[in-house]
Amino acid sequence: MNAPFQARAGLRDPFTAFVCDDSTADMLRPVAVEHGWSPEKVNKGGLRNAVQSLSVSASPTILFVDLSESADPLNDINALAEVCEPGTVVIAAGQVNDVRLYRDLVASGIHDYLLKPFTVDQLRDTFAHAQSILSGPRGEAQADKPHVLTAVIGVRGGVGASTIATSLAWLMGEKSHRSTALLDLDVHFGTGALALDLEPGRGLTDAIENPSRIDGLFIERAMIRANERLSVLSAEAPLHQPLVTDGTAFFQLQEEMKNAFESTVLDLPRQMLIQYPHMVHDAHVAVVVSELTLAATRDTIRVLAWIKSNAPQTKVIVAANRVPSGGALEISKKDFEQSIERDVDIIFPEDRKVAAQAAKLGKPMAEIASGKMSAPFTQLSNMVLSHASDDGATAESKVATGGKSLVDNLKSMLAKPKDKAA
Ligand SMILES: Nc1ncnc2c1ncn2[C@@H]1O[C@H](COP(=O)(O)OP(=O)(O)OP(=O)(O)O)[C@@H](O)[C@H]1O
Ligand SMILES: [Mg+2]
């Protein structure tokens with residue numbers, strides 16, 4: 001039953017709606033006008049009328065149909081499919097709050113199911129999404145671009161992991177033309193929404209409280225759109241509310257994002273590795289964000305070892321952030337690399353001006369950065385994509401095999417303070 005609603009859009013009415021009640025009609029008409037569609041295309045009569053009408057006339061490009069008066073929505077949708085021409089994007093609305101029904105409707109080729117009562121913003125979002133489907137060959141794009149999951153992990157607080165995660169997600173959307181989700185798992189102190197000048201909403205908190213609600217429809221509703229190709233799920237959970245979850249919600253969110261987007265960037269607080277180790281299992285790439293300090297060196301060693309034993313298939317990119325110019329380094333790059341027994345892949349210089357500008361404008365640092373500061377961001381997104389598409393040897397193969405243990409190496413360094421200077 002999928003075929004009738006898929007494929008191309010031809011020359012036809014852009015929009016027709018069949019609704020059961022006045023309030024739905026009253027909400028639809030102005031939104032139709034906003035899209036340049038005739039408000040007269042909002043008909044009363046629901047699904048039955050839609051089937052009758054479409055059996056004798058051409059199908060519109062976008063069809064809105066109200067299932068409220070339908071006793072057997074799934075069966076009736078299938079009847080609609082019989083009379084509906086290929087290329088129509090069908091949006092259904094109804095009062096039945098049942099995930100199984102939603103799944104069955106989607107399997108029947110329905111684009112979306114709006115649960116009544118819905119808001120005018122939800123309606124707009126659904127239309128916007130329907131239009132994006134019509135303007136781009138989504139199915140082909142997804143086949144071309146297998147999903148890429150990247151986890152960004154800061155080895156210590158404040159090293160700039162969220163800055164890099166937000167920028168990477170933005171680059172994936174803007175430069176690599178991938179529909180991208182940024183999932184900020186710092187539930188209390190996350191900055192994913194703040195950094196993009198957005199309100200985080202309740203989506204992530206709802207997901208944690210009610211993991212069974214997480215499905216494609218939930219993702220579409222809960223994710224906050226930053227731009228056409230970037231959506232964010234972030235939270236500012238109240239500080240009196242401890243994080244109570246066995247991690248099911250996070251796993252479920254990852255799964256649904258895999259279906260809904262071409263790439264997902266996880267901003268993963270390092271404590272999460274301990275609490276929910278499975279979060280990294282499916283990541284194609286882990287970006288380990290560090291800085292050139294002794295404490296960060298110790299923790300880079302530990303995080304790299306953790307990834308090696310818990311997610312050996314995940315390719316690792318080590319990024320040193322906030323690297324000051326001049327000689328103000330706590331530990332040199334060379335000593336850092338020797339201690340972690342591998343190369344640093346990317347160096348992000350310390351640039352307070354760009355960081356402040358990005359924060360003030362509510363834009364990702366990668367968008368503001370130019371020249372010396374923009375090169376590492378481009379390098380990062382290129383590396384992520386090339387690692388994800390390369391199933392050969394992992395980046396771990398770069399790790400040198402020294403005789404001493406990783407921590408021994410660091411200890412010997414700490415014992416020689418004169419070697420620390422850059
Ligand atoms: N390369 C940089 N140059 C200057 N400032 C930077 C740079 N990268 C990040 N910052 C700044 O560092 C601060 C901390 O960044 P961010 O919140 O991304 O760190 P984090 O590792 O996610 O912290 P947390 O441990 O709280 O999650 C921010 O004010 C950010 O603007
Ligand atoms: Mg952070």
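**A guided look at the model**

Mentor: Glutamate 341 is found in the loop between helix 13 (333-340) and strand 13 (346-349). Helices (H or I, at least four residues) and strands (E, at least two) are DSSP runs, numbered from the N terminus. This is a predicted model, in which local features need pLDDT of at least 70 and side-chain atom pairs count only at pLDDT 80 or more, while totals for chains, interfaces and linings use all residues. Residues are numbered from 1 along each chain as its sequence is written, and chains are lettered from A and ligands numbered from 1 in the order in which they are written.

Trainee: Is glutamate 341 buried, partly exposed or exposed?
Mentor: A residue is buried if 20 or more other C-beta atoms, placed from the backbone, lie within 10 Å of its own, exposed if 12 or fewer, and partly exposed in between. Glutamate 341 has 18 C-beta neighbours inside 10 Å, so the residue counts as partly exposed.

Trainee: What is the phi of glutamate 341?
Mentor: Glutamate 341 is not a glycine, yet its phi is positive. The value is about 60°.

Trainee: And arginine 322: buried or exposed?
Mentor: Arginine 322 lies in strand 12, and its phi is also a positive value, near 55°. Because 21 other C-beta atoms lie within 10 Å, arginine 322 is buried.

Trainee: In what order do the five strands of the open sheet stand?
Mentor: Strands of a sheet pair through backbone hydrogen bonds, either parallel or antiparallel. Two strands pair if DSSP finds at least two bridges between them. Here the pairing is parallel, and the order is 2-1-3-4-5.

Trainee: Which strands stand at the edges?
Mentor: An edge strand here has a single partner strand, so one side is left without a neighbour in the sheet. The two are strand 2 (42-44) and strand 5 (112-115).

Trainee: How many bridges join strand 1 to strand 3?
Mentor: Strand 1 (residues 15-19) pairs with strand 2 over three bridges, with valine 19 opposite lysine 44. On strand 3 (residues 62-66), valine 65 is the bridge partner of phenylalanine 18. Strand 1 and strand 3 run parallel, and the number of bridges joining them is four.

Trainee: How many residues of strand 1 are buried?
Mentor: Phe15, Ala17 and Val19 are buried on one side, and Thr16 and Phe18 on the other. Strand 1 is therefore largely enclosed by the rest of the structure, and its buried count is five of the five.

Trainee: Which residues of helix 3 are exposed on the face turned away from its buried side?
Mentor: In helix 3 (residues 73-83), the buried residues are Pro73, Asp76, Ile77 and Leu80. They fall within an arc of 105° seen down the axis, so they line one face of the helix; the arc is that of the directions from the helix axis to the C-beta atoms. The face turned away carries Asn75 and Glu82.

Trainee: Which elements each supply at least two residues of the shell around ligand 1?
Mentor: The shell residues divide into six nonpolar, eight polar and five charged. Those supplying at least two residues each are helix 7 (161-174), strand 12 (315-323) and helix 14 (352-361).

Methods. Ala, Val, Leu, Ile, Met, Phe, Trp, Tyr, Cys and Pro count as nonpolar, Asp, Glu, Lys and Arg as charged, and the others, Gly among them, as polar.
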